[in-house]
Amino acid sequence: MMIRLDKLLADAGAGTRSQVKEYIRKGLVTIDGQLCKKPEQKVSGQEQICCQGQAVDYARYRYYMLHKPQGVITATEDMRERTVLDLLNGVNTTDISPVGRLDKDTEGLLLLTNDGELAHRLLSPKYHVDKCYLVRTARPMEAKALEALEQGVDIGDEKPTLPARAQMNAQGELLLTIREGRYHQIKRMLRAVGNEVLYLKRLSFGSLTLPEDLEAGAFRPLTAEEQEKLRHDISR
Ligand code: URA
């Protein structure tokens with residue numbers, strides 16, 4: 001895919017769109033060693049681009065995993081509340097969005113990217129990407145309730161939930177793996193079996209798992225291998 005030179009430079013953090021236009025017009029930008037004075041010049045991102053004598057580090061698509069803490073909302077901007085994008089310190093967040101959403105009081109793994117196509121597919125019901133949640137419930141979970149969650153429960157939507165995996169860990173917490181991402185799905189599923197969520201944390205999203213050493217509020221770029229595995233998650 002080709003994009004405009006001024007957009008690429010702005011996306012790469014070389015300056016605002018009007019600043020980089022200025023740099024280009026002043027002759028401060030080269031493409032593969034050739035001076036280019038046209039902000040609208042189309043480039044692929046594979047070229048060696050220099051701005052004011054510095055090589056521009058440009059990756060068309062950027063992917064980050066965030067350990068979303070409680071108390072932060074999954075949005076790109078908000079008048080009052082802190083958003084997950086506010087946590088990406090030092091990152092050029094142009095066009096970056098969260099993939100799906102976690103409630104304000106939910107913590108855990110959140111993927112953020114400017115790769116809209118990948119995001120769309122990861123959220124599509126067609127690909128059934130697994131998401132595993134750790135759930136602390138108000139009351140102990142009965143075997144009957146676990147079975148019901150696994151089979152699918154009526155949460156008031158047109159259709160019951162798809163089959164899920166529901167297991168207890170050694171600490172008496174519920175590990176619930178779902179393949180959909182309906183609004184407040186886990187909370188509504190627990191309500192459907194007569195219980196209530198007290199604490200919710202997402203541990204995994206497709207092949208991505210929340211690293212134990214990634215503290216709440218911290219983030220890091222995905223490795224090339226993690227990106228590759230995510231693409232594999234949606235290739236079936
Ligand atoms: N299900 C919920 O109820 N809340 C979340 O944040 C995620 C899944």
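Biologist: How many helices and strands make up the secondary structure of the protein chain?

Modeller: The protein chain has six helices and 15 strands, where helices (H or I, at least four residues) and strands (E, at least two) are DSSP runs numbered from the N terminus. This is a predicted model, in which local features need pLDDT of at least 70 and side-chain atom pairs count only at pLDDT 80 or more, while totals for chains, interfaces and linings use all residues. Residues are numbered from 1 along each chain as its sequence is written, and side-chain values use heavy atoms, with hydrogens and water left out.

Biologist: Why is C51 called buried?

Modeller: Buried means under 20% relative accessible area, exposed over 50%, and partly exposed in between (1.4 Å probe, protein chains only). C51 has 6% relative accessibility, so C51 counts as buried. Buried residues make up 45% of the 236 residues in the protein chain.

Biologist: What makes N114 a buried residue, and which backbone oxygen does its side chain reach?

Modeller: N114 stands at 12% relative accessibility and therefore counts as buried. N114 is placed in the loop between β9 (106-113) and α3. Its side chain reaches the backbone oxygen of R60 at 2.9 Å. That is a polar contact, namely a pair of N or O atoms within 3.5 Å; within protein, one must be able to donate a hydrogen and the other to accept it, and residues adjacent in sequence count only if both atoms are side-chain atoms.

Biologist: Which residues are around the ligand?

Modeller: They are L102, D103, T106, Y133, H184, Q185, I186, K187 and L200; a residue is near a molecule or strand if one of its heavy atoms lies within 4 Å of it.

Biologist: Which atoms of D103, H184 and K187 lie by the ligand?

Modeller: For D103, a polar side-chain atom lies 2.7 Å from a nitrogen atom of the ligand. For H184, a backbone N or O atom lies 3.3 Å from a ligand oxygen atom. For K187, a polar backbone atom is 3.1 Å from an oxygen atom of the ligand.
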